Amino acid sequence: MGKKILLATEKPFAKIAVEGIRDIFAKAGYELLPLESYPAKEDLLKAVAVVDGMIIRSDIVDEAVLNAAAQLKIVVRAGAGYDNIDLKAATARGVVAMNTPGQNSNAVAELVFALMLYLARGAFSGKSGRELRGKKLGLQAYGAVGRCVTPIARGFGMEVFAFDPFIPAEAMKKDGVVPVTSLDELYKSCDYVSVHIPKTKETVNSIGFDLLSRMKKGAALINTARAEVIDEPSLLKMFAERPDFKYGADVAPACAGEIAGKYAGRFVFTAKKMGAQTEEANVNSGLAAARQIVAFFELGEKTFQVNK
Ligand code: 3PG
């Protein structure tokens, strides 16, 4: 019998991506059950009860969701970060979890420049701003997004530096990136620091005042990774003690209200996570997820499994 696949996207994909996903499943003889912009977790719990596989974005797949999904064999996070999936619970239930690495990286990289330009040009207020040309950009982690940011930055005439203990210096140099050997050095020497680390137990609140306070005068922090990797009391302290410091983030920190009330013009926050929200990224990651599900059921393919 044909498989039933749930597309659970609280933040919906572009229509063209949903049609592409539907086509891939139709060709395999599978049925697509879309659940978009659902108002309550209850809707998700109900929808997963009858499905063999599911595609999600930042939708939370925790123990409750997995418990409600008696037939579920695979969940694919159409995107990079899988901190929204309880991997331990998935493994315990024999559910394979995957992501689609690299598929939405360019969209995130382009948003980095939108946030930088907004801050550089004084929030488009009419006041004289600064240019990106000649400035130093520091990448905290040199993964798929960092590799997409680099050529765009060079197009703007920026110098690119990166800190990533998991990537050989030679690989960075090949891309024209200057590898630095410590985070301190990165934060100390760059005009913009762009954060590209995943949210893990180790990285939550890992960017604290010690590090932030090393930033150059007038420097800006750009965060298109996860709000939680920045320690919020430290962020507030930076805003209070360093009137030259700016912060651009996708998505807003929990203390956004406090920042907005006191530090107008020194921050920009997206209302909803926008990094991967382009038609192109939706198509790339959505179709990749659908293909991975078909390959898993038909061929036992598990290349992008993240809960091994
Ligand atoms: C990712 O980890 O791929 C991005 O944060 C995108 O998240 P989204 O699919 O919820 O936009």
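Me: What volume does the largest pocket have?

Reply: The structure is a predicted model, and the values discussed here are computed from it. Its largest pocket is lined by 47 residues, and those closest to the pocket centre are Gly-81, His-196, Ile-197, Pro-198 and Lys-199. The volume of this largest pocket is about 1,400 Å³.

Me: Which helix gives the most to the lining of the largest pocket?

Reply: Two helices, α5 (105-120) and α6 (144-155), each supply at least two residues of this lining. The helix that gives the most, with three residues, is α6.

Me: How many charged residues does the lining of the second largest pocket have?

Reply: The second largest pocket holds about 410 Å³ of space and is lined by 19 residues, with Ser-58, Asp-59, Ile-60, Asn-84 and Lys-273 nearest its centre. For the largest pocket, the lining divides into 20 nonpolar, 15 polar and twelve charged residues. In the second largest pocket, the lining has four nonpolar and three polar residues, and the number of charged residues is twelve.

Me: Which domains does the second largest pocket lie between?

Reply: The position of this pocket follows from its lining, because residues of both domains contribute to it. The second largest pocket therefore lies between domain 1 (4-103 + 278-299) and domain 2 (105-269).

Me: Is α1 roughly parallel or oblique to α12?

Reply: Helix α1 (residues 15-28) and helix α12 (residues 279-299) pack with their axes 8 Å apart, at an angle of about 15 degrees. Since angles under 35 degrees count as roughly parallel, the orientation of α1 to α12 is roughly parallel.

Note on methods. Residues are numbered from 1 along each chain as its sequence is written. This is a predicted model: local features need pLDDT of at least 70, side-chain atom pairs count only at pLDDT 80 or more; totals for chains, interfaces and linings use all residues. Side-chain values use heavy atoms; hydrogens and water are left out. On a 1 Å grid over the protein atoms alone, a cavity is a set of points where a 1.4 Å probe fits but cannot get out, and a pocket is an open set with protein on both sides within 12 Å along at least five of seven lines; lining residues have an atom within 4 Å of a point. Grid points are joined across faces, edges and corners, and a volume is the space filled by probe spheres set on the points. Helices (H or I, at least four residues) and strands (E, at least two) are DSSP runs, numbered from the N terminus. Ala, Val, Leu, Ile, Met, Phe, Trp, Tyr, Cys and Pro count as nonpolar, Asp, Glu, Lys and Arg as charged, and the others, Gly among them, as polar. Domain bounds come from an automatic or database domain assignment. Axes are lines fitted to C-alpha atoms, for helices over the stretch in contact, and angles run from 0 to 180 degrees between N-to-C directions. Angles under 35 degrees count as roughly parallel, over 145 as roughly antiparallel, 65 to 115 as roughly perpendicular and the rest as oblique.
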